[in-house]
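Hello,

Here is the structure you asked to look at. My notes on it follow below.

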Amino acid sequence: LTTTNLVGKELEQAVVAATQLNLAPRRFALLREKGILSRQGRTLPFDERADGFVRSEGLGAVIVKPLALALADGDHVYAVVKSVGVWHGGKSLGMTAPNAGAHHAAMTQAIAASGVGVDAIGYVEAHGTGMNLGDASEADAIVRTFADLGRRPDHDCVLSASKSVLGHLEAASGVAALAKAVLALRERRVPGIAGYAVANRQAPLAGLRVSAATQPLPEGTRCAGLNSYGLGGVSAFVVLEGRDAPTAATNAPEPGVFVLSAHNERTLDRYLARLSAFLRTAPRDYAFGDLLANYQRRREVMAHRVAIVASDADDLAARIDAFRRGEAVDGLHATRQGCAKEIVERSLLDGWIEAGEWGAIGRAWVGGSVVPWPDGGEPRRPFPEYPFDNDRAFWVGRNAEEAAPAPPQQHVMLSV
């Protein structure tokens with residue numbers, strides 16, 4: 001529906017989001033009675049040992065907009081939705097018996113409308129619930145659709161399923177699979193099906209590469225297919241096309257001031273650590289000025305701040321590490337160092353920007369001044385995001401004093 005409205009120019013952009021919280025015990029009991037929940041506590045898509053899925057919780061959101069508009073706005077484009085196919089299978093034999101004909105129709109509709117051809121699809125992110133009948137039906141539809149659309153004998157395609165790692169997020173399973181597919185296209189590597197060892201004898205997997213190991217996206221392919229179906233009988237298939245990585249910056253970096261803030265000092269330190277790791281390990285496919293501009297103009301300003309004058313990415317990483325070790329760093333101003341709060345007049349800030357007085361600008365920003373950062377039309381880039389706290393408890397008892405903080409937990413998270 002969203003893509004239709006975008007193509008029809010009824011919308012300029014939309015946020016597509018989904019969430020799943022498992023709050024009702026009755027739902028667990030019902031699924032267990034139906035034999036849908038795995039008794040071994042594992043989701044094993046397309047594996048002979050599969051006996052159902054594990055329920056999970058999560059949420060995800062993506063912003064979609066017409067490609068031309070996204071490029072004009074300087075957005076970072078992760079992938080392009082080439083087409084969407086949707087089909088309803090009508091009456092079925094039951095909750096665990098999806099309609100292979102509906103899968104086939106949705107896939108055929110989407111691939112035919114994509115304009116890329118079946119041989120351009122090098123990876124299919126399957127629904128893969130770990131139900132023997134459902135997995136066999138889905139595999140049959142994929143193989144049959146590819147054959148009907150004239151697949152070459154040497155066409156290579158990887159099959160994967162996120163539920164082997166994340167479990168079944170139910171209402172949010174589609175957006176989770178979308179995030180994984182987008183990341184796989186960006187990295188040109190497809191995560192394997194965790195735990196996969198013995199092929200489901202009922203699932204025809206001929207021509208599909210299935211493995212527990214991460215595999216490269218086949219050469220000559222640039223698209224992925226995302227398959228999904230629901231208990232209500234709807235099948236959907238999306239064709240995604242990856243975007244080429246940005247060309248590496250070749251212009252010499254110019255000195256500037258990097259600014260960063262957080263709600264508290266601990267989170268600020270974690271944010272700096274994350275950024276330092278990024279600067280030292282990520283490909284240099286960005287201009288240093290783009291990095292500075294994205295943090296100057298596209299981040300919320302919070303109470304705990306640091307401003308660092310640096311000449312390039314390596315210099316910035318070195319200064320961040322020195323600051324985190326507690327060393328004195330030239331050209332660095334921070335709230336924890338007792339930087340005085342002072343509001344500087346706009347005319348003075350404009351003059352400092354014109355003269356390139358980055359140290360003075362950084363000190364003024366840390367002190368609370370609203371800096372009129374210049375807008376050079378720098379593109380939005382996926383630089384390290386804010387490290388939200390994950391060790392706070394939000395569940396409380398009847399009385400506030402009954403609330404107790406939960407111990408820190410490690411969460412499986414997808415980030416784009």
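**What was found**

In α9, the buried residues are F288, D290, L291, L292, A293, N294, Y295 and Q296. Buried means under 20% relative accessible area, exposed over 50% and partly exposed in between, with a 1.4 Å probe and protein chains only. Helices (H or I, at least four residues) and strands (E, at least two) are DSSP runs, numbered from the N terminus.

This is a predicted model: local features need pLDDT of at least 70, side-chain atom pairs count only at pLDDT 80 or more, and totals for chains, interfaces and linings use all residues. Residues are numbered from 1 along each chain as its sequence is written, and side-chain values use heavy atoms, with hydrogens and water left out.

Helix α9 covers residues 288–297, and eight of its 10 residues are buried, so it is largely enclosed by the rest of the structure. The cover over those buried residues includes β11 (256–262), α8, β12 (304–310) and α10.

Two of these covering elements, α8 (residues 265–281) and α10 (residues 313–324), pack at an angle of about 145°, with axes 9 Å apart. Axes here are lines fitted to C-alpha atoms, for helices over the stretch in contact, and angles run from 0 to 180 degrees between N-to-C directions. On the α8 side the contact (heavy atoms within 4.5 Å) is made by D269, L272, A273, L275, S276, L279 and R280, and on the α10 side by A313, L316, A317, A318, I320, D321, F323 and R324. By type, these residues divide into 10 nonpolar, one polar and four charged. Ala, Val, Leu, Ile, Met, Phe, Trp, Tyr, Cys and Pro count as nonpolar, Asp, Glu, Lys and Arg as charged, and the others, Gly among them, as polar.

In soluble globular proteins, nonpolar side chains tend to be buried together. The largest nonpolar core in this model has 30 residues, and those with the most contacts inside it are L260, L279, L291, Y295, V306 and L316. Such a core is a set of buried Ala, Val, Leu, Ile, Met, Phe, Trp, Tyr and Cys residues joined through side-chain atoms within 4.5 Å. Two or more residues each come from β11, α8, α9, β12, α10 and β13 (332–334). Leaving aside neighbours within four places in sequence, L279 touches R284, Y286, L291, A313, L316, A317 and I320. Another core, of 27 residues, lies apart from the largest one, with F46, A120, I121 and A203 among its members.

There is also an open sheet of six strands, in the order β3-β10-β9-β4-β5-β7, with mixed pairing. Its edges are β3 (79–88) and β7 (208–209), each with a single partner strand, so one side of each has no neighbour in the sheet. Strands β5 (residues 157–160) and β7 pair in the parallel sense over two bridges, and two strands count as paired if DSSP finds at least two bridges between them. V158 has R209 in β7 as its bridge partner. Helix α7 (residues 173–187) lies across β3, β4 (121–125), β5, β9 (223–229) and β10 (234–242), and runs at about 25° to β10.

E170 is in the loop between α6 (163–166) and α7 and is buried, at 16% relative accessible area. R188 is in the loop between α7 and β6 (189–190) and is partly exposed, at 35%.

Regards
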